[in-house]
Amino acid sequence: MVDTHTSLFVSELLSGDQYVIPLYQRNFAWTYDEIEQLLNDVADAFADAFVEEGRKNYYIGTLVVNREGNLFKIIDGQQRTTALNLLALVLKHEFGFDRFPTMNLSFPARKKSNEVIQKLFHHQEIAEEDENELIRGYRHAKEALDKVLKEREFDHQDFFDFLFDKVVIFRSILPQNLDLNLYFERFNSRGEQLEAHEILKAQMMAKFGDDQIRAQKFARIWDACADFDRPVISQFKRRVRPNDSDQEKERLFGKYFNQFNIVGAFEKLDIQKTDRRKLIDSLENRSGSRNVDNTQEREFSNYTAVIDFPTFLLHVLYLMQGSADVSFDDKKLLQQFDLGSKEASWIKQFAEQLLMVRHIFDTFVVKNVLLDSSNETEWQLKRIVYAEENNKKGGWYYVRERDTHNTFEDSKVNQNIILLQSMFAVTFTANRDSRWLYEILQFLFEHIDELHQQDFGKDFRDFLEKMAVRYAESRLFAENGQFRSYGDIPVYAFNFVDYVLWKNRDSLAKEYNTSSDDYKINFNDFKFAYRRSVEHWYPQHPNGEDGWDNLPTAYLHSFGNLCIITDSQNSRFGNLNPSTKFGQWRNNFYRQSLKLQLMAKITEQSGSDWGPSQIRGMENDILILVNKFIESKSLERLNSSI
């Protein structure tokens, strides 16, 4: 008899009962970020267990299944379960950790997925045209595992044993007579568990006791800040006509919305006439405050913020405390806040700080925006503007919800700041790695009375460049002052070099782009993207069909021969020689990193030759530019301290 509710170690999950993914489930959708987060969660638990000299079990979530005969159809938890299977395959094939005797996960309704998972299990070659989400997931799992192991410096065997023998998933089998349609309806609407930040909200509101007015104002600020799909300023009431009295927006953010040092926010909020509400009623408003005037159509960019709301809460807490030792682990959100001894006055202060930092965040931190005309995205830095617009039918009214203006009027400065921030954002993608953002918010917060000044953009850019140099010095160079080589150089180093190349775009364009060239390096429209894979331009294992020999290791693995590309291109680069790679993807090279574009250009100009002289020449040229840029920022730091 199979228990209806049971705890399974990962080793039991992956080698016991047969699990299937039904047709009505979506495809595997986890990206690199989710897999890395899963591994970091396990790594944190492993580290805690090691410190405590014990091996406590770590609960990783719930798996809900529907049993049909000897099969268990996964109803909820298929993303995590599939990710665990892919990680086990990586351990089996890439690390020789073979605790994976059978493949007990299948996709009976998806023939291609079923074939791919079997080929992955047996380590069989998969044709390029068969690549799907499972292949990408396997690659993400390998890259994430490599990163976590390198950063943590764990004993590999102990960590793998912990993953298999101490990580637990709770399996719940649905009753045989359950109406699955009804279950899905309830599960997808009201059946989900409260998240940690929602529990935190309830605990904070409880501090106000019977003071429902302050509790309501707190909830309005919290809900407005929690909605990361729109600027926080759009969540408060506006005046409709110029002759109307001022409303919340102007009282909070100033007439032109450039007031960032928000004082006395509670006193400036209106009270909504409402019945006495329970805390749980406020928690159910999960989509954010809707206390806004809906008489006007709103125009917002469809954007994605660089962090989520729970992590943002930690940023605000640390800024409020002036903390230097920070950890953006949202699993420990409630412990970090430690509300036991906090009074209502502290909760009120935190809410006002939350609103202040969110307004700064909306205005001065980049967002990844989905363009209306295509599925492409771009990084933007926009602000909400005050405007009066003529409505022929209804007279004059104010428009406040349009984020169509650059944050900084100087478009070159605005573009420069976008590049710098997006360089950090595409490198440190996990919420837990967002210290870069904390340093930015800290700088902005320290200069809060200067944010509206016209020249502040240049000061902000200079701060970001010095910060970029500081991050590069510890990641780019070996002890001998030369660039690090393959296996020891992180993605940030490549992104930093791309920024330096962009800063030198005018001189480089004159050197490499001529009027007669068909292919020109695209300096001006360059933007940072999520390029994670470190690849060799001259292949590690030439296919031998075109006379290319193996390159000496000193050149093969040197920085001059390395480039970063997107995950989707990883399998396509393969062992082709540089000129063939460039020829096949010539029309798409304008999307690549600037370093890779330079490498392609040099290959073309040298008559399709790419060897030791080109590799060493490129590395030396870039080293000169990088050192010159770093020295200039160091001199600026020195002069500013005198």
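Student: What is the order of the open sheet of six strands?

Tutor: This is a predicted model, in which local features need pLDDT of at least 70 and side-chain atom pairs count only at pLDDT 80 or more, while totals for chains, interfaces and linings use all residues. Residues are numbered from 1 along each chain as its sequence is written, and side-chain values use heavy atoms, with hydrogens and water left out. Strands are DSSP E runs of at least two residues and helices are H or I runs of at least four, both numbered from the N terminus; two strands pair if DSSP finds at least two bridges between them. The pairing in this open sheet is mixed, and the order of its six strands is 1-6-3-4-2-5.

Student: Which residue in strand 6 is the bridge partner of His-5?

Tutor: Strand 1 and strand 6 run antiparallel and are joined by five bridges. Strand 3 and strand 6 run parallel, with six bridges, and there Val-64 is opposite Ser-172. In strand 6, His-5 is bridged to Ser-172.

Student: How many of the seven residues of strand 6 are buried?

Tutor: Buried means under 20% relative accessible area, exposed over 50%, and partly exposed in between, with a 1.4 Å probe and protein chains only. Helix 3 (residues 78-94) lies across strand 3 (58-68), strand 4 (71-76), strand 5 and strand 6 (167-173). Strand 6 is mostly covered, and its count of buried residues is six.

Student: At roughly what angle do the axes of helix 8 and helix 9 cross?

Tutor: Axes are lines fitted to C-alpha atoms, for helices over the stretch in contact (heavy atoms within 4.5 Å), and angles run from 0 to 180 degrees between N-to-C directions. Residues that meet include His-197 and Leu-200 in helix 8, and Phe-218 and Trp-222 in helix 9. The axes of helix 8 (residues 196-206) and helix 9 (residues 212-226) come within 10 Å and cross at roughly 155 degrees.

Student: Is helix 8 roughly parallel or roughly antiparallel to helix 9?

Tutor: Angles under 35 degrees count as roughly parallel, over 145 as roughly antiparallel, 65 to 115 as roughly perpendicular and the rest as oblique. The crossing angle is roughly 155 degrees, and that makes the two helices roughly antiparallel.

Student: Which residue in strand 8 does Asn-302 stand opposite?

Tutor: An open sheet of three strands has the order 7-8-9 and antiparallel pairing. Strand 7 (302-304) and strand 9 (377-380) are at its edges, and neighbouring strands are turned by 35 degrees against each other on average, direction ignored. Strand 7 pairs with strand 8 (residues 367-370) over three bridges. The residue opposite Asn-302 is Leu-370.

Student: Does Glu-153 count as buried or exposed?

Tutor: Glu-153 is in the loop between helix 5 (133-152) and helix 6 (156-165), and has a positive phi of about 60 degrees although it is not a glycine. Its relative accessibility is 68%, so Glu-153 counts as exposed.
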